[in-house]
Amino acid sequence: MADEKLFENRIKKHFHSVGIYPAGYPSDRMDAPMVGWYTKIWGGGFQKSGIPDLICCVNGIMLAVEVKASSGRPSELQKLNINRINKSGGIGVFLYPEGFEQFKELLKGVIDCSIHIQELIALKNANSSTKCDIWTE
């Protein structure tokens with residue numbers, strides 16, 4: 001478990017370096033321009049089992065990361081949830097230390113992609129009202 005936590009901290013450090021910050025992070029402490037947001041999911045009695053460790057929104061794309069130590073194995077419920085995230089149009093990954101460089105390339109592609117953004121903005125603007133309030137400030 002300690003190896004997994006150390007690896008998770010490496011992931012979070014990389015997130016900060018490319019502009020992906022945790023919920024509530026102060027703007028004046030952001031070193032890179034913000035391109036994404038994440039939150040850490042804590043397992044336990046008040047949380048559903050099998051939810052990925054890091055839930056992110058990067059450049060309008062939902063990204064879910066289940067962090068694993070080199071010897072870690074995903075549970076059947078984790079496999080089910082990652083599969084459903086991918087089928088839903090998000091990106092769900094099991095991330096091992098050996099795949100970190102490949103993950104960085106995937107993340108760079110998500111950050112650099114701008115094709116979907118204009119369509120997403122138009123869709124949000126068209127469907128925002130007092131009963132479907134989409135906060136942008």
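Predicted model: local features only at pLDDT ≥ 70, side-chain atom pairs only at ≥ 80, totals over all residues.
The hairpin of β3 and β4 has 2 residues between its strands, and Asn 59 in the turn has a positive phi of about 55°. What I call strands here are DSSP runs of E, at least two residues long and numbered from the N terminus. β3 covers residues 54–58, while β4 covers residues 61–67.

Residues are numbered from 1 along each chain as its sequence is written, and side-chain values use heavy atoms, with hydrogens and water left out.

Two strands are taken to pair if DSSP finds at least two bridges between them. β3 and β4 run antiparallel and are joined by 5 bridges, with Val 58 having Ile 61 as its bridge partner in β4. β3 is also joined to β2 by 5 bridges, again antiparallel, and here Thr 39 stands opposite Ile 55.

How enclosed is β3 by the rest of the structure? It is largely enclosed, because 4 of its 5 residues are buried, buried meaning under 20% relative accessible area with a 1.4 Å probe, protein chains only.

Turning to β2, which spans residues 36–40, Gly 36 belongs to this strand and counts as buried because its relative accessibility is 4%. Leaving aside residues up to four places away in sequence, Gly 36 touches Gly 19, Ile 20, Tyr 21, Cys 57 and Val 58, where contact means heavy atoms within 4.5 Å. The C-alpha atoms of Gly 36 and Cys 57 are separated by 5.5 Å, although these residues lie 21 residues apart along the chain.

Notes. Buried < 20%, exposed > 50% of the residue type's maximum accessible area, 1.4 Å probe, protein only.
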